[in-house]
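I opened the model today to look up a few contacts and the packing inside it. My notes follow in the order I checked things.

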Amino acid sequence: MLRETAREAFRALSKHVPSYMLNFEVRPGIVFGFTCYWSWVWVVFWSSLFYAEAPPASLFGVEGLDSLGALWFFSLLFMSATLLVISCLGEKASTPAARTLFMALAASLTAVGTAMVAFPSQLFAPSVLPQAYAFGASLLGVGSAFEMTLWAELLACLGSRQSVVYFVGSTVASVVAFVLLVALGTGFSRFVTACLPVVGMVLFSRQRGLVEGVARASDRPADGDAENRSARAVLVDALALSLFFGVSYGVMKGLFVFEGGDVIAFRDQLNALSMVIASLAIFVTMGMFRMDFRRLTYQVALPLMASGFVLFPAFAPLNLVGFFLHQIGYQYFYTVIWAMWPVMASRCRVSRMRLVSLGIFGVQFGQLAGSLAGAFIIGLGLDSQGLGLVSSVSVFVVLVVALFAFGNPVPSDGWITLRPFGQHEERRSKFRQSLESLSTVRGLSPRETEVFELLARGRNKQAIARQLCISENTAKTHIKNVYRKLGVHSQQAMMDMIELDAKGK
């Protein structure tokens, strides 16, 4: 009954948006599972339900914890370390066995760690309370690293369009869950929050076939030096983008220090509202106006984030307005990053697991480093002129990045050229759309995509070898890889697959 209700809701939504946005089977299990994870994130890190239970930060003896909180510090520290390890594992982290292990660790460690920081005084003696709380926050961070990586890999397999739809739908639903959990009361809400990671992994387990069904020779190291360099370049691009984003958000997190329960509660409400506005804005700009990633970032996200830095030195309530605008830009930018990972993964033979774990590492480590820097600046006790100087420097950095990294209207290469849906998608033939969507979803490398297109146009092995200037043995190898990734055994079966896919567009 619930599944049918969800499907009807998506059908009703599809009537009010361009047809290509929801031109796929929306799976409620992904929406509900991803919602469980994001609801857990917002409640744990953006509500007073958990910070109220934390022991005094001075007990930990770590500089910067007084304003940031031990939960934020220890969870991000261990989450970053775990993500770096996952990324270094490379192909080993992308096997079905490793994915099963990650699921178990994600559900158990996140749930146990959340319970430890939710009920520290009930579970531990006062003499060991700081150590136990720090350990719980660390477990929470490790488990969250596995859970976020699994969801990111799943969306990277589905493609940019589906990533945006699922990300936006889950974000809006998680805001509703966040408001309800905060309103229900502390004890019960914390208990439900601790259970959310387990529910999320149970729902993910029913969708993991989407990941494992995509044969990924692209997860193995490339054979040629050129493709290896391409893979390294994509990984560097993903890390650089994520680090910039994470540091920017972290600095703002450290700079905005709110005191008083009423102000903090109002901040939480502003944060929930900003997530909804940003999610709807990204859906409109990427879907209806077809803005590419470069324009999405430097024309929308970065100006909003810069306006937050402009207003943070101001007196209340202008500083809250700055926080609100920055949060909108943050959520907007975050959605762009998640939408770019599927396209990045399709550009070269690189493991999706490695790519997304490295990208998430950049975000989380950047947030940790940036928040410590922001807390250090606040700890200096600067006057209004000093804070104004910090604001000016922050805005200058954001604008420089916007100008040199995103502002080039004719980029030659790099992640700034990627487009989520294409600027002329409706004008392209259904045949072309099917070729591109199947290439992305099935993880074809750039060379395999060329072979796939030539096969779809009726070329044989000899013609492909002549046109691509490769040997017939190399062409034969690429053809075998294309067939294996598509799950077919002949050129005719491949053509039938393209025709069936085109009928659904």
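I started with Ser174, which sits in helix α9, residues 160–184. The model is predicted, so I treat what follows as computed.

Is Ser174 buried or exposed? I find Ser174 buried, because its relative accessible area is 0%, and the cut-off for buried is under 20%. I then looked up what Ser174 touches, leaving aside neighbours within four places in sequence. Ser174 is in contact with Thr35, Trp38, Ser39 and Trp42.

Trp38 came up again when I turned to the nonpolar cores. The largest nonpolar core has 116 residues. Trp38 is listed among those with the most contacts inside that core, along with Phe45, Leu71, Phe333, Tyr334, Trp338 and Trp341. Another core, of 21 residues, lies apart from the largest one; Leu444, Val488, Met494 and Ile498 are among its members.

With neighbours within four places in sequence left aside, Trp341 contacts Ala152, Ala238, Ser242, Leu355, Val356, Gly359 and Ile360.

Last, I checked a helix pair. Helix α6 (residues 96–118) packs against helix α10 (residues 186–205) at an angle of about 175°, and their axes are 8 Å apart. Angles over 145 degrees count as roughly antiparallel, so α6 is roughly antiparallel to α10.

Which residues meet there? From α6 I noted Met103, Ala106, Ala107, Thr110, Ala111, Thr114, Ala115 and Ala118. From α10 I noted Arg190, Thr193, Ala194, Pro197, Val198, Met201, Phe204 and Ser205. The residues of this contact divide into 11 nonpolar, four polar and one charged.

Definitions and conventions:
Residues numbered from 1 in each chain as written. Predicted model: local features only at pLDDT ≥ 70, side-chain atom pairs only at ≥ 80, totals over all residues. Heavy atoms only, no water. Axes fitted to C-alpha atoms, helices over the stretch in contact; angles between N-to-C directions. Helix = DSSP H or I, 4+ residues; strand = E, 2+ residues; numbered from the N terminus. Parallel < 35°, antiparallel > 145°, perpendicular 65-115°, else oblique. Contact = heavy atoms within 4.5 Å. Nonpolar A, V, L, I, M, F, W, Y, C, P; charged D, E, K, R; others polar. Buried < 20%, exposed > 50% of the residue type's maximum accessible area, 1.4 Å probe, protein only. Core = buried A, V, L, I, M, F, W, Y, C linked by side-chain atoms within 4.5 Å.
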